[in-house]
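Colleague: I am new to this structure, and I would like to go through it slowly with you. Could you take my questions in turn and end each reply on what I asked for?

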Amino acid sequence: MRWKVAILTASDRGSLGEREDTSAQVIRELIEEEINGEIIEYRVVPDEKDEIMAALIEMTDYFKVDLILTTGGTGLALRDVTPEATLSVIDRQAPGFAEAMRMISMQKTPRAMLSRAVSGIRSRTLIINLPGSPKGVSENLAAIMEQLPHALGILTGREGDHGYEEA
Ligand SMILES: Nc1ncnc2c1ncn2[C@@H]1O[C@H](COP(=O)(O)OP(=O)(O)OP(=O)(O)O)[C@@H](O)[C@H]1O
Ligand SMILES: Nc1nc2c(c(=O)[nH]1)N[C@H]1C(S)=C(S)[C@@H](COP(=O)(O)O)O[C@H]1N2
């Protein structure tokens, strides 16, 4: 199964072109290598709730990707609004991904408790928030990667509840 994946970077500096988006590059490499995913859409927006919501809605409703990974804007700074934008567009919460990421990340750094990342589902798309830094991205993604193919299989109806593909 070749999963269709979108990357959304929420970053004021990134949207101004002031910094190379190495976090998105880390996501792309890990998704391509680990779950044979295809990045079909990539967008950088400033830390504005409306712009993040609009990008998430387009990626789900128009591009119909299986998975959206956001990076950035999950911390405590006043401009960090990625979790609020995500909660505004999802139909159902799927908190286990964010819980697992924080739990496993706490073993790397106590700063992990500063992440307000959320995870949920809009239609048939799984949306997961990752932190902004490349290190945070790779450590958080590593915590959930193994479960993604099964989760996406169930969500998209391409896999039964048993962990194997239906005929
Ligand atoms: N997309 C990114 N690519 C590479 N490094 C990033 C990215 N986003 C954040 N970082 C780095 O991660 C660290 C913490 O991220 P944080 O979200 O606080 O970034 P920031 O630069 O303050 O935010 P913003 O980009 O919204 O202005 C910083 O060292 C920052 O440079
Ligand atoms: N595994 C892991 N999780 C992590 C980090 C990290 O370095 N590794 N950084 C933390 C920090 S310092 C912050 S502020 C929050 C939120 O990051 P964001 O505001 O860039 O989204 O993620 C946290 N989660």
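Colleague: How many Å separate an oxygen atom of ligand 1 from an N or O atom in the side chain of Arg19?

Modeller: Please keep in mind that this is a predicted model, and that every value I give is computed from it. Arg19 is listed among the closest of the 13 residues that surround ligand 1, together with Ser11, Arg13, Asp21 and Asp47. Between an N or O atom in the side chain of Arg19 and an oxygen atom of ligand 1, the distance is 2.7 Å.

Colleague: Which helices each supply at least two residues of the shell around ligand 1?

Modeller: By residue class, that shell divides into 6 charged, 6 polar and 1 nonpolar. As for the helices that each give at least two residues to the shell around ligand 1, they are helix 1 (12–15) and helix 2 (22–35).

Colleague: Which strands are the edge strands of the sheet?

Modeller: The sheet is open and mixed in its pairing, with 6 strands that follow the order 2-1-3-6-5-4. An edge strand pairs on one side only, and this holds for strand 2 (38–45) and strand 4 (92–93).

Colleague: Which residue of strand 5 is the bridge partner of Arg92?

Modeller: Strand 4 pairs with strand 5, residues 119–122, in the antiparallel sense, and the pairing runs over 2 bridges. Within strand 5, the residue that is bridge partner to Arg92 is Ile121.

Colleague: What percentage of the area that ligand 2 exposes when taken alone does the protein bury?

Modeller: Ligand 2 is surrounded by 16 residues, and Thr74, Gly75, Ser105, Gly132 and Glu139 are the closest. Taken alone, ligand 2 exposes 530 Å², of which the protein buries 80%.

Colleague: Which helix gives the largest share of the shell around ligand 2?

Modeller: The shell around ligand 2 divides into 10 polar, 4 charged and 2 nonpolar residues. Its largest share amounts to 4 residues, and these come from residues 134–144, that is, from helix 6.

Methods
Residues are numbered from 1 along each chain as its sequence is written. Chains are lettered from A and ligands numbered from 1 in the order in which they are written. This is a predicted model: local features need pLDDT of at least 70, side-chain atom pairs count only at pLDDT 80 or more; totals for chains, interfaces and linings use all residues. Side-chain values use heavy atoms; hydrogens and water are left out. A residue is near a molecule or strand if one of its heavy atoms lies within 4 Å of it. A polar contact is a pair of N or O atoms within 3.5 Å; within protein, one must be able to donate a hydrogen and the other to accept it, and residues adjacent in sequence count only if both atoms are side-chain atoms. Ala, Val, Leu, Ile, Met, Phe, Trp, Tyr, Cys and Pro count as nonpolar, Asp, Glu, Lys and Arg as charged, and the others, Gly among them, as polar. Two strands pair if DSSP finds at least two bridges between them. Accessible areas come from the Shrake-Rupley method with a 1.4 Å probe; for residues, only the protein chains shown count as cover.
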